[in-house]
Amino acid sequence: MAAAIAPTGAAWAQACGGDFNSWLSGVKKEAVAKGHPAAKVDAFLASARRDPAVIKADRAQGVFQLPFLEFSQRLISQNRINNGQSMARKYNSVFNSVERNFGVSRGVLLAFWAFETDFGQVQGNFNTVNALLTLSHDCRRPNLFRPQIFAAMKLFERGDLDPARTQGAWAGEIGMVQMLPEDIINNGVDGDGDGHVNLKTSAPDALMSGGKMLRSLGWRAGEPWLQEVVVPAQMDWSQTGLHTKKRASDWVAMGVQPRSGKVSGGLPASLLLPQGRKGPAFLAYPNFDVYFEWNQSFVYVTTAAYFATRLEGAPSYRAGKPDPSLNGNQMKQLQQKLVARGHDVGKVDGILGEKTRRAVQREQQRLGLPADAWPTPALLSKL
């Protein structure tokens, strides 16, 4: 595995694994080869160490096993809504600037700000450099994290990161909206005019940088991202899910109605049923896809997008009465059965991600069940 992902021509570096100090020597040599002064590299890595707590955190993301209703109710409280509205007023001029320059609606950034750090109050206490080194040394996702080491080195050389003191999330994200060093290099904005990009203590810097990053990921100005709808009692449920896009007006012709306001008729949209046809329903517009560039968890993305609509005045969703969900062990059993039938569900981890949903939907079609992609104990039994 290490050989397969080693940098081309970099004979000095084992890409991941092995003795940490030997691996770190390879990082130092690569940094110098990239043009970083040797003295700066030594200073940057002076307190480098592998942090077992980072690996533990990486392996324990059980919260994403929760179904949408439970997950969203945990993350969205009236207190968070009130705080979001307060922050919108406090930084109104900043949000106006974000909307003017990057086309990102304030509710979108407020929701990320709330979920990522509770509006800057909980930014993480992991040493950023050691977190990035640990995840780069680990062989699960080294190709994602190794470039972040050198981006963090650039931030250090610019005076925007202290390798001994800068702290953040276990995965190396920094600041109020939790951005990786490479994203800060590419999208960091000095929103308060002090000559530095400081995402930890400057809300203007964090919000402007987050807005620029979302635009760089493909955010489309002036367009919606998620809209709650009401679905008919009967329809072709196999058409639901992220894999199918129709014009919003076509969904209306099939009996789908907006809960409030009007649909953006000419835009393509997917019909999402996070907990099946008996639970909440949403039209997901093109901007919804950008959320997956920020976070790849379906339940997180849907909750963040929904919360953004709430912060901009949408009513609380209609929870409905979804069929009972599977627990974590049952979900793993289901995924194993789906894999045995030839479906790609990604990792068998007990998390209902988009690949598992699609496989569930295909099996529901095969068995003559309503193909709404919501796995139930009844489906598990039939499989």
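Biologist: Which residues lie nearest the centre of the second largest pocket, and how many line it?

Modeller: This is a predicted model. In it, the second largest pocket is lined by 17 residues. Leu 226, Gln 227, Glu 228, Thr 309 and Ala 314 lie nearest its centre. The volume of this pocket is about 330 Å³.

Biologist: What makes a residue part of the lining?

Modeller: An atom within 4 Å of a point of the pocket. Strand E3 (226-230) and helix H15 (298-311) each supply at least two such residues. E3 gives the largest share, three residues.

Biologist: How do you know that H15 is mostly covered?

Modeller: Buried means under 20% relative accessible area. In H15, 14 of its 14 residues are buried.

Biologist: What makes Thr 302 buried?

Modeller: Thr 302 sits in H15. Its relative accessible area is 0%. The cut-off is under 20%, so Thr 302 is buried.

Biologist: What does Thr 302 contact, leaving aside neighbours within four places in sequence?

Modeller: Phe 68, Leu 226, Pro 274 and Phe 288. Contact means heavy atoms within 4.5 Å.

Biologist: Which backbone atom does the side chain of Thr 302 reach?

Modeller: The backbone oxygen of Phe 298, at 2.8 Å. The limit for a polar contact is 3.5 Å, so the pair of Thr 302 and Phe 298 qualifies.

Biologist: What is the span of H15, against the expected value?

Modeller: H15 has 14 residues and reaches 20 Å from its first C-alpha to its last. That is close to the 20 Å expected at 1.5 Å a residue. Gly 313 follows H15, with a positive phi near 105°.

Biologist: On to H2. Which of its residues are buried?

Modeller: Helix H2 covers residues 20-33. Phe 20, Trp 23, Leu 24, Gly 26, Val 27, Glu 30 and Ala 31 are buried.

Biologist: Why do you say that the buried residues of H2 line one face?

Modeller: Seen down the axis of H2, they fall within an arc of 155°, so they line one face of the helix. An α-helix has 3.6 residues a turn, so residues three or four places apart point the same way.

Biologist: Which residues of H2 are exposed, and what covers the buried ones?

Modeller: On the other side of H2, Asn 21, Lys 29 and Ala 33 are exposed. The cover of the buried residues includes helix H3 (38-44), helix H9 (128-137) and helix H10 (142-158).

Biologist: What happens at the start of H2?

Modeller: A side-chain oxygen of Asp 19 reaches to within 3.3 Å of the backbone nitrogen of Asn 21.

Biologist: Now the cavity. How many are there of 30 Å³ or more?

Modeller: One. The volume of the largest cavity is about 90 Å³.

Biologist: Why is Thr 376 called buried?

Modeller: Thr 376 is in the loop between H17 and helix H18 (377-382). Its relative accessibility is 14%. The cut-off is under 20%, so Thr 376 counts as buried.

Biologist: What does Thr 376 touch, not counting residues up to four places away in sequence?

Modeller: Asp 323, Pro 324 and Leu 326.

Biologist: And Ser 202: what makes this residue buried?

Modeller: Ser 202 has a relative accessible area of 5%. That is under 20%, so Ser 202 is buried. Ser 202 lies in the loop between helix H11 (181-187) and helix H12 (203-216). Its side chain reaches the backbone nitrogen of Asp 205 at 3.2 Å. Beyond its neighbours within four places in sequence, Ser 202 contacts Met 176 and Asp 192.

Definitions and conventions:
Residues are numbered from 1 along each chain as its sequence is written. This is a predicted model: local features need pLDDT of at least 70, side-chain atom pairs count only at pLDDT 80 or more; totals for chains, interfaces and linings use all residues. Side-chain values use heavy atoms; hydrogens and water are left out. Helices (H or I, at least four residues) and strands (E, at least two) are DSSP runs, numbered from the N terminus. The expected span of a helix is 1.5 Å times one less than its number of residues. Buried means under 20% relative accessible area, exposed over 50%, partly exposed in between (1.4 Å probe, protein chains only). The arc is that of the directions from the helix axis to the C-beta atoms. A polar contact is a pair of N or O atoms within 3.5 Å; within protein, one must be able to donate a hydrogen and the other to accept it, and residues adjacent in sequence count only if both atoms are side-chain atoms. On a 1 Å grid over the protein atoms alone, a cavity is a set of points where a 1.4 Å probe fits but cannot get out, and a pocket is an open set with protein on both sides within 12 Å along at least five of seven lines; lining residues have an atom within 4 Å of a point. Grid points are joined across faces, edges and corners, and a volume is the space filled by probe spheres set on the points.
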